[in-house]
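Take a moment with the sequence and the model below. Then follow the text from one feature to the next.

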Amino acid sequence: MLKKILVANRGEIALRILRACKELNLKTVVVHSTADEKEMFVRLADESVCIGPPQVKNSYLNIPAIISAATIANADAIHPGIGMLSENFNFAKIVNDHGFTFIGPNIDHIENMANKIKAKALAEKIGLPIIPGSTKNIETLKDAKKISEKIGYPIIIKSTNGGGGRGIKIVKNENELKKNLELARKEAEQSFGNNEVYIEKYIQNPRHIEIQIIGDKFGNIIHLGERECSIQRRNQKIVEECPSPVINEEEREKICELTLEAMKKIKYFNLGTVEYLYKDGRFYFIEMNTRLQVEHTITEQVYNIDIVKEQIKTSSGKKISVKQNEVKKNGHSIEFRINAENPITLLPSTGIVRTYHPPSGPGIRIDSSLYTGCNISSFYDGLISKIVSTGNDRMECIMRLKRALNEYVIEGVQTNIPVLKKILNNNQFIKGNFHINWIDEIID
Ligand code: MV4
């Protein structure tokens, strides 16, 4: 059994992981940058080790410093959190090679899913529905023309080593293909150090729906239903809900079972999320995340399971606490992400939080790293708080969010709360009528 966990992350997610560790009676140690000395996650950990200057590449991405800290603190496991090193299979390998447990999936699964074309080929092999297009890298313009003609325009060009929406190009007709192929390659090279790209049929205005999976080392795998994550801006999710307002029980059962069967075929271990585009009643695999996700909270609320504790327990070699037939969906949950940013320009907003008064009351959960006097630094992601509303149904969640957002006081930095209030009052949102490009459309 694991005894001491090192959390290699910061902010609200580091806090969330510390809470799970404490409830499991595990000792905790965090690593932090010089800028984060006074952060809540440093205060709430049993121990902390400063590993470098503010820039993430010199601290939270500094693998030798993190391994040294784990060694000095005598940790047995490292939790990578979200972003940072969480999907870096090289890091996971180094963690294991140094005798620590990497809290996450098996390295070969992390590696396979990091390569989007390999992930797609594997998805097809294990029976998941994929989007028509190439299952190999595109070598030449001639290749690109051939495949695009076959599937029909519009097409989308994606980087093999990309993901999360960066560096994608949509091409409406053959005249625009050459230019966009070159651009996509150049951007892929710059962003990911690899110029490989592939082509798919472009799905217009789909929804983004993902399935939560947990596996243990005894071959037990369960799903915890779907999350609706369509409301996003510049590839940053803003609103997530569970269940999706457009998926009926029959569809849910079908896609969850299909996903579960696929995961059993590869003996998937630990947390995973299978992402789909959903359009006209059809699901299409896009990628798989091999880590804990920001929006795990809404699934926890609806399925009454602590996902982070399950993740740590399975990494300790224990069984998942529940069997699939004991998993019960109950009510509805919606998460709004609060970012420190100028709501119009979307530029980061930094500085000291002078007043912090979070809402509470029935059905409101706040996962936040804020406290009065804390500093919002320009070096890190702007996610400062998640507000998670849970109720018997979607409308109760919406009314609770309205009530709670009006209670929320954050002074000293600007936040996107005004945008969140607009979304809450939008009729299409209330009806559950939206897709991945919806925010851009209503803001225009
Ligand atoms: C797509 C697509 C439309 N058609 N693939 C973006 C990130 C990566 N996860 C996949 N992405 C997309 N792939 C086809 N064939 C639209 C997107 C997409 C997107 C998907 C999910 C959530 C937000 C998105 C924002 C822009 C584009």
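Axes here are lines fitted to C-alpha atoms, for helices over the stretch in contact, and angles run from 0 to 180 degrees between N-to-C directions. Two packed helices are described by the angle between their axes and the distance between the axes. Keep in mind that this is a predicted model.

Start with helix H4, residues 89-97, and helix H5, residues 107-114. They pack at an angle of about 170°. Their axes are 9 Å apart. Angles over 145 degrees count as roughly antiparallel, and H4 and H5 are therefore roughly antiparallel to each other. The crossing of H4 past H5 is left-handed. Which residues meet? From H4 come Phe89, Ala92, Lys93 and Asn96. H5 supplies Ile107, Ile110 and Glu111.

Now step back to the whole chain. The domain assignment gives three stretches: domain 1 (4-103), domain 2 (132-201) and domain 3 (207-442). Between the C-alpha centres of domain 1 and domain 2 the distance is 37 Å.

A disulfide needs a pair of cysteine sulfur atoms within 2.5 Å. Look at Cys229: the closest cysteine sulfur, in Cys242, is 9.5 Å from its own sulfur, so the two are too far apart for a bond. Cys397 also has its closest cysteine sulfur in Cys242, at 9.7 Å, again too far for a bond. Are these residues buried or exposed? Cys229 counts as buried, because its relative accessibility is 0%. Cys397 is buried too, at 0% relative accessibility.

Note on methods: Residues numbered from 1 in each chain as written. Predicted model: local features only at pLDDT ≥ 70, side-chain atom pairs only at ≥ 80, totals over all residues. Heavy atoms only, no water. Buried < 20%, exposed > 50% of the residue type's maximum accessible area, 1.4 Å probe, protein only. Domains from an automatic or database assignment. Helix = DSSP H or I, 4+ residues; strand = E, 2+ residues; numbered from the N terminus. Parallel < 35°, antiparallel > 145°, perpendicular 65-115°, else oblique. Left-handed = near helix turned anticlockwise from the far one by under 90°. Contact = heavy atoms within 4.5 Å.
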